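Have the model open while you read.

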Amino acid sequence: MSTPLAPALESFFTDRLLCQKRVSPNTIASYRDTFRLLLRFAEQRTCTRPAQLELTQLDATMIGAFLDHLETQRGNSARTRNVRLGTIHSFFQYCALRHPEHAGLIARVLAIPAKRSERRTVTFLHPDETKALLDSPDRTTWAGRRDYALLLCTVQTGLRVSEVIGLTCADVELGTGAHLRAFGKGRKERIAPLTRQTVAVLKVWTRGTQLTRDALERRLAKHLQTARQQCSTLRSKPVTMHTLRHTAAMMLLSAGVDTSTIALWLGHEQERTTHIYLHADLAIKQRALDRATPPNGHPGRYRAPDRLLAFLEEL
(Lines give C-alpha, C1' and ligand atoms only; values in the text may rest on other atoms or scores of the structure.)
Protein backbone atom coordinates (compact mmCIF):
# COMPACT_ATOMS: atom_id res chain seq x y z
CA MET A 1 0.00 0.00 0.00
CA SER A 2 1.32 3.43 -0.94
CA THR A 3 1.93 5.70 2.05
CA PRO A 4 3.72 9.01 1.38
CA LEU A 5 6.44 9.71 3.90
CA ALA A 6 6.22 13.52 3.82
CA PRO A 7 2.79 13.95 5.53
CA ALA A 8 3.72 11.47 8.26
CA LEU A 9 7.04 13.18 8.95
CA GLU A 10 5.52 16.67 8.92
CA SER A 11 2.81 15.56 11.33
CA PHE A 12 5.42 13.94 13.58
CA PHE A 13 7.22 17.27 13.98
CA THR A 14 4.23 19.63 14.16
CA ASP A 15 1.74 17.46 16.04
CA ARG A 16 3.74 14.96 18.07
CA LEU A 17 6.88 16.89 18.98
CA LEU A 18 5.71 20.51 19.08
CA CYS A 19 2.07 20.25 20.20
CA GLN A 20 1.82 17.05 22.21
CA LYS A 21 5.29 16.68 23.76
CA ARG A 22 6.35 20.35 23.57
CA VAL A 23 9.99 19.37 23.22
CA SER A 24 12.77 21.96 23.41
CA PRO A 25 14.27 23.70 20.35
CA ASN A 26 17.45 21.69 20.91
CA THR A 27 15.51 18.43 20.60
CA ILE A 28 13.80 19.67 17.44
CA ALA A 29 17.19 20.57 15.97
CA SER A 30 18.62 17.14 16.82
CA TYR A 31 15.64 15.30 15.29
CA ARG A 32 15.75 17.54 12.23
CA ASP A 33 19.43 16.80 11.62
CA THR A 34 18.81 13.05 11.86
CA PHE A 35 16.10 13.11 9.21
CA ARG A 36 18.09 15.41 6.95
CA LEU A 37 20.86 12.82 6.92
CA LEU A 38 18.46 9.90 6.51
CA LEU A 39 16.49 11.48 3.65
CA ARG A 40 19.63 12.40 1.74
CA PHE A 41 20.96 8.88 2.21
CA ALA A 42 17.65 7.35 1.04
CA GLU A 43 17.61 9.68 -1.97
CA GLN A 44 21.03 8.45 -3.06
CA ARG A 45 20.05 4.80 -2.57
CA THR A 46 16.65 4.98 -4.31
CA CYS A 47 17.11 7.89 -6.75
CA THR A 48 13.87 9.29 -5.33
CA ARG A 49 13.50 12.87 -4.15
CA PRO A 50 12.73 13.10 -0.40
CA ALA A 51 9.30 14.64 -1.03
CA GLN A 52 8.34 11.60 -3.14
CA LEU A 53 9.65 8.89 -0.80
CA GLU A 54 7.24 6.29 0.53
CA LEU A 55 7.24 5.13 4.14
CA THR A 56 7.80 1.60 2.88
CA GLN A 57 11.13 2.64 1.38
CA LEU A 58 12.47 3.28 4.89
CA ASP A 59 12.44 -0.36 5.83
CA ALA A 60 14.78 -2.12 8.25
CA THR A 61 17.32 -2.78 5.48
CA MET A 62 17.47 0.90 4.55
CA ILE A 63 17.71 2.03 8.19
CA GLY A 64 20.42 -0.54 8.91
CA ALA A 65 22.43 0.64 5.89
CA PHE A 66 22.02 4.24 7.05
CA LEU A 67 23.34 3.42 10.52
CA ASP A 68 26.35 1.65 9.00
CA HIS A 69 26.91 4.71 6.79
CA LEU A 70 27.01 6.96 9.86
CA GLU A 71 29.81 4.93 11.41
CA THR A 72 31.87 3.93 8.36
CA GLN A 73 31.49 6.97 6.10
CA ARG A 74 30.77 9.85 8.47
CA GLY A 75 32.99 8.57 11.29
CA ASN A 76 30.26 8.81 13.93
CA SER A 77 30.73 7.01 17.24
CA ALA A 78 28.44 4.24 18.42
CA ARG A 79 26.95 6.72 20.87
CA THR A 80 26.00 9.13 18.08
CA ARG A 81 24.67 6.22 16.01
CA ASN A 82 22.44 5.23 18.92
CA VAL A 83 21.11 8.77 19.28
CA ARG A 84 20.14 8.79 15.59
CA LEU A 85 18.51 5.38 15.96
CA GLY A 86 16.54 6.60 18.98
CA THR A 87 15.14 9.44 16.87
CA ILE A 88 14.12 7.04 14.10
CA HIS A 89 12.51 4.71 16.64
CA SER A 90 10.50 7.62 18.03
CA PHE A 91 9.17 8.41 14.54
CA PHE A 92 8.23 4.80 13.80
CA GLN A 93 6.47 4.46 17.15
CA TYR A 94 4.36 7.43 16.09
CA CYS A 95 3.72 5.80 12.70
CA ALA A 96 2.60 2.57 14.37
CA LEU A 97 -0.56 4.34 15.59
CA ARG A 98 -1.26 6.16 12.33
CA HIS A 99 -0.39 3.43 9.86
CA PRO A 100 -1.25 0.01 11.32
CA GLU A 101 -1.28 -1.36 7.77
CA HIS A 102 2.54 -1.24 7.93
CA ALA A 103 2.79 -2.91 11.33
CA GLY A 104 5.24 -5.56 10.09
CA LEU A 105 7.66 -3.05 8.54
CA ILE A 106 7.45 -0.80 11.60
CA ALA A 107 8.06 -3.70 13.99
CA ARG A 108 11.20 -4.69 12.09
CA VAL A 109 12.59 -1.15 12.28
CA LEU A 110 11.78 -0.90 15.99
CA ALA A 111 13.59 -4.22 16.51
CA ILE A 112 16.92 -2.74 15.34
CA PRO A 113 18.99 -2.72 18.56
CA ALA A 114 21.24 -0.01 19.89
CA LYS A 115 24.93 -0.79 19.68
CA ARG A 116 26.90 -1.20 22.88
CA SER A 117 29.47 1.53 23.28
CA GLU A 118 32.40 2.08 25.59
CA ARG A 119 31.85 4.59 28.36
CA ARG A 120 34.71 7.03 28.28
CA THR A 121 36.28 8.43 31.42
CA VAL A 122 34.99 11.90 32.20
CA THR A 123 37.40 14.68 31.26
CA PHE A 124 37.59 17.55 33.75
CA LEU A 125 39.99 20.28 34.79
CA HIS A 126 42.10 20.10 37.93
CA PRO A 127 42.36 23.25 40.10
CA ASP A 128 45.61 24.46 38.53
CA GLU A 129 44.20 23.89 35.03
CA THR A 130 41.00 25.72 35.93
CA LYS A 131 43.01 28.66 37.26
CA ALA A 132 45.13 28.80 34.10
CA LEU A 133 42.02 28.91 31.93
CA LEU A 134 40.28 31.57 34.02
CA ASP A 135 43.47 33.69 34.05
CA SER A 136 43.66 33.65 30.24
CA PRO A 137 41.07 36.32 29.23
CA ASP A 138 42.41 39.87 29.15
CA ARG A 139 40.16 41.54 31.70
CA THR A 140 41.34 45.02 30.73
CA THR A 141 39.03 44.70 27.68
CA TRP A 142 35.25 44.38 27.53
CA ALA A 143 35.43 41.13 25.57
CA GLY A 144 37.91 39.70 28.07
CA ARG A 145 35.67 40.55 31.01
CA ARG A 146 32.72 38.98 29.21
CA ASP A 147 34.63 35.79 28.44
CA TYR A 148 35.95 35.57 32.00
CA ALA A 149 32.41 35.92 33.36
CA LEU A 150 31.09 33.23 31.01
CA LEU A 151 33.89 30.77 31.83
CA LEU A 152 33.72 31.39 35.58
CA CYS A 153 29.94 31.11 35.59
CA THR A 154 30.06 27.81 33.67
CA VAL A 155 32.75 26.30 35.89
CA GLN A 156 30.92 27.33 39.05
CA THR A 157 27.35 26.44 38.08
CA GLY A 158 27.85 23.48 35.71
CA LEU A 159 25.35 24.85 33.19
CA ARG A 160 25.04 23.20 29.79
CA VAL A 161 26.15 25.21 26.75
CA SER A 162 22.53 25.71 25.68
CA GLU A 163 21.71 27.03 29.16
CA VAL A 164 24.66 29.42 29.18
CA ILE A 165 23.87 31.02 25.81
CA GLY A 166 20.21 31.27 26.77
CA LEU A 167 20.84 33.32 29.93
CA THR A 168 19.44 36.85 30.16
CA CYS A 169 19.83 39.54 32.81
CA ALA A 170 16.38 38.60 34.11
CA ASP A 171 17.68 35.11 34.92
CA VAL A 172 20.32 36.42 37.33
CA GLU A 173 19.68 37.33 40.97
CA LEU A 174 22.71 38.93 42.62
CA GLY A 175 21.20 39.93 45.96
CA THR A 176 20.63 37.72 49.01
CA GLY A 177 20.57 34.09 47.91
CA ALA A 178 22.31 34.92 44.63
CA HIS A 179 21.52 32.42 41.88
CA LEU A 180 20.96 31.78 38.19
CA ARG A 181 17.69 30.52 36.78
CA ALA A 182 18.24 28.14 33.85
CA PHE A 183 16.02 26.10 31.58
CA GLY A 184 17.59 22.76 30.68
CA LYS A 185 16.59 19.58 28.89
CA GLY A 186 12.88 18.95 28.69
CA ARG A 187 12.18 22.63 29.49
CA LYS A 188 12.96 21.92 33.12
CA GLU A 189 13.74 24.94 35.24
CA ARG A 190 16.46 24.77 37.87
CA ILE A 191 18.29 27.15 40.16
CA ALA A 192 22.08 27.29 40.38
CA PRO A 193 23.49 29.12 43.45
CA LEU A 194 26.32 31.59 42.85
CA THR A 195 29.46 32.03 44.94
CA ARG A 196 30.58 35.45 46.16
CA GLN A 197 33.36 35.52 43.56
CA THR A 198 30.93 34.89 40.70
CA VAL A 199 28.48 37.47 42.04
CA ALA A 200 31.24 40.09 42.19
CA VAL A 201 32.21 39.38 38.58
CA LEU A 202 28.64 39.48 37.27
CA LYS A 203 27.87 42.75 39.08
CA VAL A 204 30.44 44.65 37.01
CA TRP A 205 29.75 42.90 33.72
CA THR A 206 27.27 44.25 31.18
CA ARG A 207 25.91 41.62 28.81
CA GLY A 208 26.05 42.35 25.09
CA THR A 209 24.41 40.43 22.27
CA GLN A 210 23.76 36.72 22.71
CA LEU A 211 26.57 34.38 21.68
CA THR A 212 25.93 31.28 19.61
CA ARG A 213 27.16 27.84 20.63
CA ASP A 214 29.92 27.97 17.99
CA ALA A 215 31.00 31.44 19.09
CA LEU A 216 31.22 30.32 22.71
CA GLU A 217 33.34 27.30 21.77
CA ARG A 218 35.61 29.56 19.69
CA ARG A 219 36.11 31.89 22.66
CA LEU A 220 36.98 28.90 24.83
CA ALA A 221 39.46 27.60 22.23
CA LYS A 222 41.15 31.01 22.09
CA HIS A 223 41.65 31.22 25.84
CA LEU A 224 42.58 27.55 26.05
CA GLN A 225 45.46 28.23 23.66
CA THR A 226 46.77 30.88 26.06
CA ALA A 227 46.21 28.68 29.12
CA ARG A 228 48.21 25.83 27.57
CA GLN A 229 51.27 28.04 27.50
CA GLN A 230 51.04 28.39 31.28
CA CYS A 231 49.82 24.89 32.21
CA SER A 232 51.52 21.95 30.51
CA THR A 233 48.88 19.37 31.49
CA LEU A 234 46.31 21.21 29.39
CA ARG A 235 48.31 20.68 26.19
CA SER A 236 47.25 17.07 25.75
CA LYS A 237 43.76 17.40 27.22
CA PRO A 238 40.71 17.92 24.97
CA VAL A 239 38.58 20.67 26.52
CA THR A 240 35.09 21.79 25.48
CA MET A 241 32.40 23.79 27.24
CA HIS A 242 30.98 20.48 28.47
CA THR A 243 34.33 19.80 30.14
CA LEU A 244 33.65 22.84 32.32
CA ARG A 245 30.33 21.29 33.33
CA HIS A 246 32.18 18.13 34.36
CA THR A 247 34.67 20.30 36.23
CA ALA A 248 31.85 21.87 38.25
CA ALA A 249 30.60 18.41 39.20
CA MET A 250 34.05 17.26 40.27
CA MET A 251 34.55 20.41 42.37
CA LEU A 252 31.29 19.65 44.19
CA LEU A 253 32.27 16.02 44.68
CA SER A 254 35.68 16.99 46.03
CA ALA A 255 33.97 19.38 48.45
CA GLY A 256 32.06 16.45 49.93
CA VAL A 257 28.69 17.11 48.28
CA ASP A 258 26.71 13.89 47.81
CA THR A 259 25.77 12.64 44.35
CA SER A 260 22.02 13.21 44.82
CA THR A 261 22.65 16.91 45.45
CA ILE A 262 25.02 17.08 42.47
CA ALA A 263 22.35 15.46 40.28
CA LEU A 264 19.88 18.17 41.27
CA TRP A 265 22.54 20.85 40.76
CA LEU A 266 23.33 19.68 37.23
CA GLY A 267 19.72 18.96 36.28
CA HIS A 268 20.21 15.20 35.76
CA GLU A 269 17.11 13.06 35.35
CA GLN A 270 18.47 10.33 37.61
CA GLU A 271 21.06 10.22 40.37
CA ARG A 272 22.90 7.30 38.78
CA THR A 273 23.88 9.57 35.89
CA THR A 274 26.09 11.39 38.38
CA HIS A 275 27.93 8.21 39.35
CA ILE A 276 30.29 8.66 36.40
CA TYR A 277 32.09 11.30 38.44
CA LEU A 278 32.86 8.81 41.19
CA HIS A 279 35.07 6.91 38.74
CA ALA A 280 36.75 9.95 37.19
CA ASP A 281 39.23 11.07 39.82
CA LEU A 282 41.99 8.78 41.11
CA ALA A 283 42.33 10.99 44.20
CA ILE A 284 38.76 10.17 45.21
CA LYS A 285 39.44 6.47 44.80
CA GLN A 286 42.62 6.76 46.83
CA ARG A 287 40.78 8.53 49.65
CA ALA A 288 38.18 5.76 49.66
CA LEU A 289 40.97 3.19 49.88
CA ASP A 290 42.64 5.09 52.74
CA ARG A 291 39.37 5.18 54.65
CA ALA A 292 38.90 1.44 54.20
CA THR A 293 42.43 0.70 55.44
CA PRO A 294 43.41 2.68 58.58
CA PRO A 295 47.11 3.06 59.53
CA ASN A 296 46.85 0.27 62.13
CA GLY A 297 45.57 -2.10 59.47
CA HIS A 298 42.25 -2.64 61.27
CA PRO A 299 38.99 -1.40 59.78
CA GLY A 300 37.47 1.45 61.72
CA ARG A 301 34.44 3.69 61.56
CA TYR A 302 34.74 6.46 59.01
CA ARG A 303 33.75 9.96 60.08
CA ALA A 304 33.28 12.36 57.17
CA PRO A 305 34.82 15.83 57.55
CA ASP A 306 32.26 18.61 57.71
CA ARG A 307 33.08 20.01 54.26
CA LEU A 308 29.49 20.67 53.29
CA LEU A 309 29.17 23.48 55.83
CA ALA A 310 32.40 24.98 54.55
CA PHE A 311 31.04 24.79 51.01
CA LEU A 312 27.80 26.52 52.02
CA GLU A 313 29.77 29.30 53.72
CA GLU A 314 31.31 30.13 50.36
CA LEU A 315 27.94 30.67 48.65
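In this predicted model, helix α1 meets helix α4 through Leu 5, Ala 8, Leu 9, Ser 11, Phe 12, Asp 15 and Arg 16. On the α4 side, the partners are Ser 90, Phe 91, Tyr 94, Cys 95 and Arg 98. Sorted by class, this contact holds seven nonpolar, two polar and three charged residues. The two axes come within 10 Å and cross at roughly 105°. Angles of 65 to 115 degrees count as roughly perpendicular, so α1 and α4 are roughly perpendicular to each other.

Helix α1 (residues 5-21) also packs on helix α2 (residues 25-46). Here the angle is about 170°, and the axes lie 12 Å apart. The pair is therefore roughly antiparallel. From α1 come Leu 5, Leu 9, Phe 12, Phe 13, Leu 17 and Leu 18. They meet Ile 28, Tyr 31, Arg 32, Phe 35 and Leu 39 in α2. The class count is ten nonpolar, no polar and one charged.

The table sets out the geometry of both pairs.

| Helix pair | Angle | Axes |
|---|---|---|
| α1 and α4 | roughly 105° | within 10 Å |
| α1 and α2 | about 170° | 12 Å apart |

Next, helix α5. Which of its residues are buried? They are Leu 105, Ile 106 and Val 109, in a helix that spans residues 103-110. Viewed down the α5 axis, the buried residues fall within an arc of 95°, so they line one face of the helix. These buried residues pack against α3 (60-72) and α4 (78-98).

Now the cores. In soluble globular proteins, nonpolar side chains tend to be buried together. The largest nonpolar core here has 35 residues. Leu 133, Leu 151, Leu 216, Leu 220, Leu 234, Met 241 and Leu 244 touch the most other members. Elements giving two or more residues to this core include α6 (127-134), α8 (161-165), β2 (179-183) and α10 (213-230). Helix α7 gives the most to this core, with seven residues.

Take Leu 244 as an example. Leaving aside neighbours within four places in sequence, Leu 244 is in contact with Leu 125, Leu 133, Leu 151, Thr 154, Val 155 and Leu 220.

Notes: Residues numbered from 1 in each chain as written. Predicted model: local features only at pLDDT ≥ 70, side-chain atom pairs only at ≥ 80, totals over all residues. Heavy atoms only, no water. Buried < 20%, exposed > 50% of the residue type's maximum accessible area, 1.4 Å probe, protein only. Helix = DSSP H or I, 4+ residues; strand = E, 2+ residues; numbered from the N terminus. Arc of directions from axis to C-beta. Contact = heavy atoms within 4.5 Å. Core = buried A, V, L, I, M, F, W, Y, C linked by side-chain atoms within 4.5 Å. Axes fitted to C-alpha atoms, helices over the stretch in contact; angles between N-to-C directions. Parallel < 35°, antiparallel > 145°, perpendicular 65-115°, else oblique. Nonpolar A, V, L, I, M, F, W, Y, C, P; charged D, E, K, R; others polar.
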